[in-house]
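Me: Could you take a close look at one part of this model for me, cut-offs included?

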Amino acid sequence: MTSFQSNRLADGGLVDRSAPLNFSFDGKSFSGFKGDTLASALVANGVKLVGRSFKYHRPRGILTAGSEEPNALVELRSGARREPNTKATTAELYEGLDAASQNRWPSLDFDVMSVNQLFAPIFVAGFYYKTFMWPAKFWEAIYEPAIRRAAGLGRAAGIADPDHYDKAWAHCDVLIAGSGPTGLAAALAAGRSGARVILCEEDFVLGGRLLADGGMIDGLPAAEWIARTLSELAAMPDVRIMTRTTLFGVYDGGTYGAIERVNDHLPSPPEHQVRQRLWRIVAKRCVVAAGALERPIVFAGNDTPGVMMASAMRSYIARYAAAPARRIALFTNNEDGWRTVETALGAGLQIAAVIDARAEIAPEQRSLASKSGFPVLHGTVSGIDGGKNGVRKISVSLTGGARAEVEADGLAVSGGWNPAVGLTSYHRGRPKWRDDIAAFVPDGAPPGMVAAGAANGAFGLGACLREGFAAGAAAARDAGHGNGSGSTPVADDQAFSLTPLWHVAGKGKAFVDQQHDVTASDIELAQREGFESVEHLKRYTTLGMATDQGKTSNVAGLAIMAAVTGKSIPETGTTIYRPPYVPVAIGAFAGHHRDETFHATRLTPSHHWAAEQGAIFVDTGLWKRAQWYPRAGEKDWLESVTREVKAVRSGVGFCDVSTLGKIDVHGADAGAFLDRVYINTFSNLAVGKARYGLMLREDGIVYDDGTTSRLAEDHYFLTTTTAKAGLVMQHLEFCRQVLFPELDVQLTSVSDQWAQFSIAGPKTRDLLKEIVDSSEDLSNEGFPFMGAREVALRGGVRARLFRISFSGEMAFEISVPARYGEAMARNLMIAGQPFGVTPYGTEALGVMRIEKGHVAGPELSGTTTAADLGLGKMMSTKKDFIGRVMAGREALVAADRQVVVGIKPTDKTRRLRSGAHIIPKGQTPGPDNDQGYITSVCYSPTADQWIGLALVERGRERIGEIVHAHDPLRGEDYDVEICNPVFYDPDGGRQRG
Amino acid sequence: MRITCPFCGERELGEFTYLGDAKPMRPAPGASEDEVYDYVYLRDNIAGVMDENWYHGGGCRAWLKVTRNTLTHEISAVEPAAGAGARQVAK
Ligand SMILES: [Zn+2]
């Protein structure tokens, strides 16, 4: 059963009465209409209490009708879609909407934690700092959990978000923030000039304040003018209007961030649609027509449910046909607040009184009061008699000192208007103070951005239209377009007189920041304790640091600080404005970059074949590489890897090594170029030969290694490690373009063009003969160790064949065009069947390189020199190369450097683990006697024990020494013997055979 | 931030990689250790306009000399590196 909409007005409003929607709030059923927000639907149902406050658990109601709302925050939806701190004032109503209030236990009506109010003296500004200082360990165990239970906002879902989020780019000449009169006029002017226009409106209906305040434009009622304007804009192909889209930030080079709530107005996104979309909009010019926010006046009890911003009250009455109260009082210090009186009277509601802080009011207002029969009281509101069920009585301090009481069930408050200076201030622009409107207006906006209309301090309707139209036209001109046709829309300007009033002194809590429960006395306390600077004030009291970023509280806060310090408001200044303007879900920033699509995945050419074989894959950078190929009956990875190693060492195996970076180096100076980037010489490499090369960084540390082959006089084929493929390309391009532009050399990345396989083992040649055309001579004489040349395969495919060995076995690497990669793997399996061919993965590859003492990633760690790796002799002394001079610096050639050695446990049954520290035998482990660490380990099937490589101080002088391996991470201590790093076939006979 | 690549046009920051100050020139072969040390390690920390090396790795792979104000991120000039191919294109 849904309840009757007790406070819905009989007619009017922009809600669709033919489309009722059922929803629930705190488990209770209600109904509203299409076009309602959750807040307006609650208002229509007479619900006043919507939440409990952050610190004191005070009952709170709805304060505003927009994204500046501090109080009406709910947990929207349930289960995995539960979203905390959602503003009821912007959440669109949909059928079945399910919302719950926050910060109450066990219920909103009866909240145990509201006893916090009794202990209020300890919750004053800085209480966290003062109260929970000591001991430090109490923080995690006791204080923080307790504070989080007592305070804090809504609860996160705690389950993965089931929805998708998108990211997109858009480009335009003129970007407009806001669709009020200013924004629409700007869009008309820019659109008519032919400029590409994007207009973002955070609301789901276009029109801004016109929707509630109406008025006459070009002789038409506002609603008709909006309709006419939108149809003109809709006919312009280059004007794009985005509703439910908030411009939240501005970045360098005219790039803007916007969040589009694509499907937040539905229970869940339709299939294949996203929940929200993050836009990056590149705009030549931007017109900020974001309007202004009405500001509260701070007085005792100003947080009582039923106290509402005057403009919000107009919105609920006029736009949503929902009455926040039946008998309304107005507390204002300006002309504009009186509009609420007119709107309320027009809707048949009663006005209890107007409390006007100004000394004088206009004769029309006085006559309206006498005609309608309500008193005008000159003075201020000093207190509220009311509670969780709303306002009952309002205490008034009359000018002159007398007191009065007003019976009313709602109080509309207007303290004037603050232009929305967020966007214009995000590049450290400091807004400037204007005395005539007692407000900050934009100053120092980022290049290309201009504020217009109410966002620029122009509060009259006519002025908004003029400023918006002029700003739109100027932005289009600046973006290279001419003047459009048509003239400025015309409307009257309303008078705006204001007597600044920020705070009414009195008994009881007077709230400045309702979301963070910061009171006027907190600000006074902060000042007494020396936190006078606005940045200190903000952090000490947490003023403006809640999810609403102090949209309704910051200016009042600094005005109160100005008053207690005796400074002016501009002297006191504002805090720095930072994006985002509204909270943006992390999911929107992540977009599709989550789970398996967190980053791109690169598959090797033989990936699908390897998957068919049941390979286990490992992520290496973006790549998925076959790690090992388990066979039925094998109990663990070690058994599989050991079998693969033994098969290679005794027969033949192959491994996809396509992930290596591959670069074709062409040009007359290709050899000279390589001489400058490698420590060894390549210009003297014979055509048809390969050579291992080592690159340094300019600071003398090893950068990368790999084999480079000379395929023609002016053509080298260079390989890099998998990890550094992209970086080495970038580095070589830097060398070519910036350091050595005089060289005739070109670089082409061919990593993705070639599928490359290592084929290794004593039967390699037997297998290759089945693959390679019979005319090719693969004998030791015809294709010696370190030979490299193009060959024809059976069937005619051209391949590049390299006789190089990482495993230490007789081996070749063969490159075929990538599209043949999978076929190559299948053919190797078929042709290799007679020889027991065995595919092997990266684990077996690693085992064999450790057995052979080859260095790899763990040794090329960004701290090692060529000499540390045992490759010092490769450094040419006859030429200049990158890193040559720095590699000779004192510390890089010191005798006590940690160098690569082999290690094996003295207990042959012990497993080694990399990362263990090397400590001299008999010494207590510690930083003073730490002499290095184990870099790579494996179980060596050949040696039938665990072996490893390590970086050890003076290691090469200490072959045979027993040292201590200390592994505090795993709690292991054992002895190891330092040995030659080449465990397998030290004289290299096998790879040459 | 957006950079106008002389080859590809205006592109967004994510396509580029920053290296640093473009002023230091790699010393000629035979330079002293001190000269090379200066080149490798010593950099001005400019608050204002400076020339920087940027790499258009997400586009044409050109190295660019970008003149940027480090205080405002305003880019006042973009030139291809000497060996980036601009001269060949111009011919
Ligand atoms: Zn480019």
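Reply: Happy to! B:Tyr41 counts as partly exposed because its relative accessibility is 42%, where buried means under 20% relative accessible area, exposed over 50%, and partly exposed in between (1.4 Å probe, protein chains only). This is a predicted model, in which local features need pLDDT of at least 70, side-chain atom pairs count only at pLDDT 80 or more, and totals for chains, interfaces and linings use all residues. Residues are numbered from 1 along each chain as written, chains are lettered from A and ligands numbered from 1 in the order written, and side-chain values use heavy atoms, without hydrogens or water.

B:Tyr41 lies in helix H1 (residues 33-41) of chain B; helices (H or I, at least four residues) and strands (E, at least two) are DSSP runs numbered from the N terminus. Together with B:Tyr37 and B:Leu42, B:Tyr41 forms a nonpolar surface patch of about 280 Å² accessible area. Patch members have over 30% relative accessible area and no salt bridge, with nonpolar side chains (Val, Leu, Ile, Met, Phe, Trp, Tyr) joined within 5 Å and like charges within 9 Å; the areas come from the Shrake-Rupley method with a 1.4 Å probe, and for residues only the protein chains shown count as cover.

Now to the partner chain. Between chain B and chain A there are four salt bridges, each a side-chain nitrogen of Lys or Arg within 4 Å of a carboxyl oxygen of Asp or Glu. A salt bridge joins A:Asp880 and B:Arg26 (3.0 Å, N to O). On the side of chain B that touches chain A, H1(B) gives the largest share, six residues.
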